[in-house]
Amino acid sequence: YLIRTPHGRCVLWDGGSRTVPDVGERVLVPNLLLLGVRRLDAVIVSHPDSDHVNGLPAVIAALPVRRLLGPELPDEGTAYRQVTDLCAVREIPRFPLRAGDVINLERGVCLRILAPGAYLLRGTNSDTNNNGLVARLEYRRTRLLLTADLEAEGEQALFARHPDLRAQVMTVAHHGSRTGTTEQLLDAVQPEIAVISASGDPRTGHPHPTVLARLRHRGLAILRTDVHGQLTLRSDGRRWQVRTYRGAG
């Protein structure tokens, strides 16, 4: 996800794929340049799964990056180490994030970090997913909740820390996997728009029919990258506007 503020500050939240070879060179960098991005104020890694980070080395090699942000996790994995090693070579500072941190992107625009907490969850279905970053992008009256690959066990820890999770827009966790986006989370967020980042490859099982049914039952507007292509959500501080683009082929 690319976050661009009204005054042009740019932050990239994750970047990768399990189904697109050379996703950084083929997709991320060309699209960023096409959008007029010439530098990134930050690259934020929600968690170190390869499909969230394996496109980032190409981005970091192509564009100036001010800082690398992400949670401190015990097992960073090979793909993420490639990112951190490249940042070290390019002298890009790395800063940890956890619940309670607030990234002020510019006046009136911030990313509020909601998870992980000071003590990481252990023994869950996926500790990597459940200890990933959850953040809320806030601009005046509009809010967008970024859930990364959060699963049900991580949701419970989130509820305990943050009783108010309301946001008009939310990303559906883990590409629509059945392990997350529970009824309880939807009750807490009360979204109007659900965004699903998915490849459309049936082998992944994403998005899961159970999660789609859950969203449809609530009457949400469902935006899917595998169906609608590139998604642009624009806020004027009061409401969200949505634009979709699917290229030829």
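1. Leu144 sits in strand β9, residues 142-146. Strands here are DSSP runs of E with at least two residues, helices are runs of H or I with at least four, and both are numbered from the N terminus. This is a predicted model: local features need pLDDT of at least 70, side-chain atom pairs count only at pLDDT 80 or more, and totals for chains, interfaces and linings use all residues. Residues are numbered from 1 along each chain as its sequence is written, and side-chain values use heavy atoms, with hydrogens and water left out.

2. Leu144 is buried, at a relative accessible area of 12%. Buried means under 20% relative accessible area, exposed over 50%, and partly exposed in between (1.4 Å probe, protein chains only). Leaving out residues up to four places away in sequence, Leu144 touches Ala135, Arg136, Leu137, Ala167, Val169, Thr171 and Trp240. Contact means heavy atoms within 4.5 Å. From Leu144 to Thr182 is 38 residues in sequence and 17 Å in space, C-alpha to C-alpha.

3. Helix α1 covers residues 23-34, 12 residues in total. From first C-alpha to last it reaches 15 Å, close to the 16 Å expected at 1.5 Å a residue. The expected span is 1.5 Å times one less than the number of residues. Just after α1, Gly36 has a positive phi of about 85°.

4. The buried residues of α1 are Val23, Gly24, Leu28, Val29 and Leu32. They cover an arc of only 120° around the axis, so they lie on the same side of α1. The arc is taken from the directions of the C-beta atoms as seen from the helix axis. These buried residues pack against β1 (2-4), β2 (10-13) and α3 (56-62). The face turned away from the buried side carries the exposed residues Glu25, Arg26 and Leu34.

5. Thr84 belongs to helix α4, residues 77-89. Thr84 is buried, with a relative accessible area of 12%. A polar atom of its side chain lies 3.1 Å from the backbone oxygen of Arg81. Beyond its neighbours within four places in sequence, Thr84 is in contact with Leu68 and Arg94.

6. The structure holds zero disulfides, a disulfide being a pair of cysteine sulfur atoms within 2.5 Å. Cys10 is in no disulfide; the nearest cysteine sulfur, that of Cys87, is 17 Å away. Cys10 is buried, at 4% relative accessible area. For Cys110, the closest cysteine sulfur is in Cys10, 17 Å away and therefore too far for a bond. Cys110 is buried too, at 9%.

Terms used
A polar contact is a pair of N or O atoms within 3.5 Å; within protein, one must be able to donate a hydrogen and the other to accept it, and residues adjacent in sequence count only if both atoms are side-chain atoms.
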